[in-house]
Amino acid sequence: MAKKDKHVSETPATQFLRRHGVSFTEHLYEYVDHGGTAESSRQLGVDEHSVVKTLVMQDERAQPLIVLMHGDRQVSTKALAREIGVKSVEPCKPEVAQRHSGYLVGGTSPFGTKKAMPVFVEASVLALEKICINGGKRGYLVGIDPKLLSTLVDAKPVHCAL
């Protein structure tokens, strides 16, 4: 059952959103290890396609990047590499992702990351009316207009969904 009355502490992500004057809704759920977007969407009663996961990946030179993908889809790393002009892309190990983003895996947000990284978003995400995306801690999503991703984090649209 989703927690609705629990107070959420500020996170670097919510501080970033407030600093940029973004209005957002808050969505708390009981975090489950390896539950992913299937678990959060089930608890919150929202379509998993509109829950966007934040994935920290790296290219062949170990340069980090963020990919924003529908919860019910996977990233084609070959298609992504081709679109962004690198030889290869692979997910970062959890400890490496945490070092780059400043967030625990399962609580990674594209907003307020420790290190500035290029952000890529599956183009069809931008067509949604509203998305839920991690608010900077496990068990906490924020609802925003996906069109804001382009202006807030300079997210570049790509076609890499499987």
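Predicted model: local features only at pLDDT ≥ 70, side-chain atom pairs only at ≥ 80, totals over all residues.

Residues are numbered from 1 along each chain as its sequence is written, and side-chain values use heavy atoms, with hydrogens and water left out.

The chain has five helices and eight strands, where helices (H or I, at least four residues) and strands (E, at least two) are DSSP runs numbered from the N terminus. Along the sequence these elements follow the pattern α-β-α-β-β-α-β-α-β-β-β-α-β. For 162 residues a compact globule would have a radius of gyration near 15 Å, and the chain, at 15 Å, agrees with this; the radius is taken over C-alpha atoms, and the globule rule is 2.2 Å times the number of residues to the power 0.38. Taken along the principal axes, the C-alpha atoms fill a box of roughly 45 × 30 × 30 Å.

Of the 162 residues, 51% are buried, where buried means under 20% relative accessible area, exposed means over 50%, and partly exposed lies in between (1.4 Å probe, protein chains only). Among contacts with a separation of 6 or more, 62% come from residues 24 or more positions apart, a contact being heavy atoms within 4.5 Å.

The largest nonpolar core has 30 residues, and those with the most contacts inside it are Leu17, Leu68, Phe111, Ile131, Ile133, Ile144 and Leu149. Such a core is a set of buried Ala, Val, Leu, Ile, Met, Phe, Trp, Tyr and Cys residues joined through side-chain atoms within 4.5 Å. Elements that give two or more residues to this core include helix H1 (12-19), strand E2 (51-59), strand E6 (131-137) and helix H5 (148-152). Leaving out residues up to four places away in sequence, Phe111 touches Pro12, Ala13, Phe16, Leu17, Tyr103, Ile133, Ile144, Leu149, Leu152 and Val153. A second, separate core of 13 residues includes Met57, Leu65, Phe120 and Cys160.

In helix H2 (residues 36-44), Thr37, Glu39, Ser40, Ser41, Gln43 and Leu44 are buried, and the buried residues of H2 pack against strand E1 (25-28), E2 and E7. After H2 comes Gly45, whose phi is positive, near 70°. In helix H3 (residues 77-84), the buried residues are Ala79, Leu80 and Ala81; the buried residues of H3 pack against E2, E3, strand E4 (89-91), E5 and strand E8 (156-158). H3 is followed by Gly85, also with a positive phi, near 75°.

Two single residues complete the picture. Val52 has its place in strand E2 and counts as buried because its relative accessible area is 2%. Ser23, in the loop between H1 and E1, counts as exposed because its relative accessibility is 65%. Apart from neighbours within four places in sequence, Ser23 is in contact with Gly143 and Ile144, and Ser23 and Ile144 are 121 residues apart in sequence but 7.3 Å apart in space, C-alpha to C-alpha.
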